[in-house]
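Thanks for coming. I have one structure to go through today, so please look at the screen.

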Amino acid sequence: MPMVTRRLRDPDINPCLSESDASTRCMAENNYDKESCSSHFLKYKNCRKFWNSVMIQRRQNGVKPPMPTAAERDEILGAMGKMPY
């Protein structure tokens, strides 16, 4: 498996892995009809937007690493009480 693919499949690097998998699975199940999977695409887009804003905020505050690990993301989402996207 190429290095780029491994990095994209790593849950510590890609915070929206489940949303990405859901949209890919939806496309495969619906014969690649984009309209029927628009809700999955929107959820993925909102996930990326949310975690990008978290990463920017952490970078501005000098927190390393800028992207929280999978365990830290679970804690952040648990503290919010619901999914923000």
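Leaving aside its neighbours within four places in sequence, which residues is Trp 51 in contact with? Contact here means heavy atoms within 4.5 Å. The list is Pro 15, Cys 16, Met 67, Pro 68, Arg 73, Ile 76, Leu 77 and Tyr 85.

Before going on, a word on what this is. It is a predicted model, in which local features need pLDDT of at least 70, side-chain atom pairs count only at pLDDT 80 or more, and totals for chains, interfaces and linings use all residues. Residues are numbered from 1 along each chain as its sequence is written, and side-chain values use heavy atoms, with hydrogens and water left out.

Now the overall layout. The protein chain has four helices and zero strands; helices (H or I, at least four residues) and strands (E, at least two) are DSSP runs, numbered from the N terminus. The C-alpha trace spans about 45 × 35 × 20 Å along its principal axes. Of the 85 residues, 25% count as buried, where buried means under 20% relative accessible area, exposed over 50%, and partly exposed in between, using a 1.4 Å probe and protein chains only. Take contacts between residues at least 6 apart in sequence: 49% of them join residues at least 24 apart.

Back to Trp 51. It sits in helix α3, and it counts as buried because its relative accessibility is 1%. From Ser 36 it is 15 residues away in sequence and 25 Å away in space, C-alpha to C-alpha.

Trp 51 also belongs to the largest nonpolar core. A nonpolar core is a set of buried Ala, Val, Leu, Ile, Met, Phe, Trp, Tyr and Cys residues joined through side-chain atoms within 4.5 Å. Helix α3, residues 38-60, supplies the largest share, five residues.

Last, the pairing of α3 with α2, residues 17-29. Their axes, which are lines fitted to C-alpha atoms over the stretch in contact, with angles from 0 to 180 degrees between N-to-C directions, come within 9 Å and cross at roughly 160°. On the α2 side, Glu 19, Ser 20, Ala 22, Ser 23, Cys 26 and Met 27 meet His 40, Phe 41, Lys 43, Tyr 44 and Cys 47 of α3.
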